[in-house]
Amino acid sequence: MLLSRHGYLFGSRARSERWHLDRSAYILLSRIQMDGPMSIGQLSDAFGLDASTLNRQTAAMMREGLVERIPDPEGGVARKFRITRDGAAALDADRGLNLEVISGLLDEWTPEEIAGFATSLERLNRAIERLEGRPWPRP
């Protein structure tokens with residue numbers, strides 16, 4: 001996310017023809033893709049964001065055809081957001097572009113340096129998740 005904050009992944013290039021999603025859509029769609037359909041309450045718990053923020057973000061994603069609202073598949077009262085085929089395609093395309101950018105940043109690193117960085121970054125991410133009490137799902 002540090003890369004995205006500095007604009008390398010979601011800066012002015014995000015508005016170009018190659019990129020499809022803004023930062024919030026990319027993050028929310030990533031979580032929905034990993035966890036399956038999620039309600040506003042579940043998204044709020046996952047990200048520590050208030051419902052009004054998530055309502056704005058999910059409404060924008062619905063207008064763009066990235067998610068759709070469905071009844072809870074488990075029979076609950078709250079409706080859930082499910083990623084659409086177009087949303088999955090946009091997420092996959094942008095993820096590929098993100099990996100391309102990161103690969104370019106690491107092209108002078110040795111395989112050992114990349115492996116060490118990946119291990120350290122995962123360790124840092126898990127520590128942050130423990131601190132916030134919000135683990136991120138991993139495949």
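Guide: Let's start with a pair of side chains: Arg126 and Glu122 sit four residues apart in helix α6, so about one helical turn separates them. Helices here are DSSP runs of H or I with at least four residues, strands are runs of E with at least two, and both are numbered from the N terminus. An α-helix has 3.6 residues a turn, so residues three or four places apart point the same way. The side chains of Arg126 and Glu122 meet in a salt bridge, with 2.9 Å from N to O; the term means a side-chain nitrogen of Lys or Arg within 4 Å of a carboxyl oxygen of Asp or Glu.

Before going on, a word about what you are looking at. This is a predicted model, in which local features need pLDDT of at least 70 and side-chain atom pairs count only at pLDDT 80 or more, while totals for chains, interfaces and linings use all residues. Residues are numbered from 1 along each chain as its sequence is written, and side-chain values use heavy atoms, with hydrogens and water left out.

Back to our pair. Arg126 is partly exposed, with a relative accessible area of 35%, and Glu122 is partly exposed as well, at 37%. Buried means under 20% relative accessible area, exposed means over 50%, and partly exposed lies in between (1.4 Å probe, protein chains only).

Helix α6 covers residues 111–132, and Ile128 lies in it. Ile128 is partly exposed, with a relative accessible area of 39%. Together with Trp109, Ile114, Phe117, Leu121 and Leu124, Ile128 forms a nonpolar patch on the surface, with about 500 Å² of accessible area in total. A patch is made of residues with over 30% relative accessible area and no salt bridge; like charges are joined within 9 Å, and nonpolar side chains (Val, Leu, Ile, Met, Phe, Trp, Tyr) within 5 Å. Accessible areas come from the Shrake-Rupley method with a 1.4 Å probe, and for residues only the protein chains shown count as cover.

Now for the wider setting. The protein chain has six helices and two strands, which run α-α-α-α-β-β-α-α from the N terminus on. Of its 139 residues, 32% count as buried.

Other salt bridges are worth a visit too, as the count comes to five. Arg31 and Asp35 form one of them, with their closest N and O atoms 3.0 Å apart. This pair is also four residues apart in a helix, here α2, so about one helical turn lies between the two. Arg31 is buried, with a relative accessible area of 8%, whereas Asp35 is partly exposed at 40%. Not counting residues up to four places away in sequence, Arg31 touches Gly36, Met38, Ala46, Phe47, Pro135, Trp136 and Pro137.

Another salt bridge joins Arg82 and Glu68, whose closest N and O atoms are 2.8 Å apart. This pair links distant parts of the chain, 14 residues apart: Arg82 is in strand β2 and Glu68 in strand β1. Arg82 is partly exposed, at a relative accessible area of 36%, and Glu68 is partly exposed at 31%.

Leu66 counts as buried, at 5% relative accessibility. Leaving aside neighbours within four places in sequence, the residues in contact with Leu66 (heavy atoms within 4.5 Å) include Arg82, Leu21, Met61, Gly87 and Ala90.

Gly87 and Ala90 bring us to helix α5, where both are among the buried residues, along with Leu91, Asp94, Leu97, Asn98 and Val101. They cover an arc of only 130 degrees around the axis, which puts them on the same side of α5; the arc is that of the directions from the helix axis to the C-beta atoms. These buried residues pack against α2 (23–35) and β2 (80–83). The face of α5 turned away from the buried side carries the exposed residues Arg85 and Leu99.

After α3 comes Gly48, whose phi is positive, near 70 degrees.
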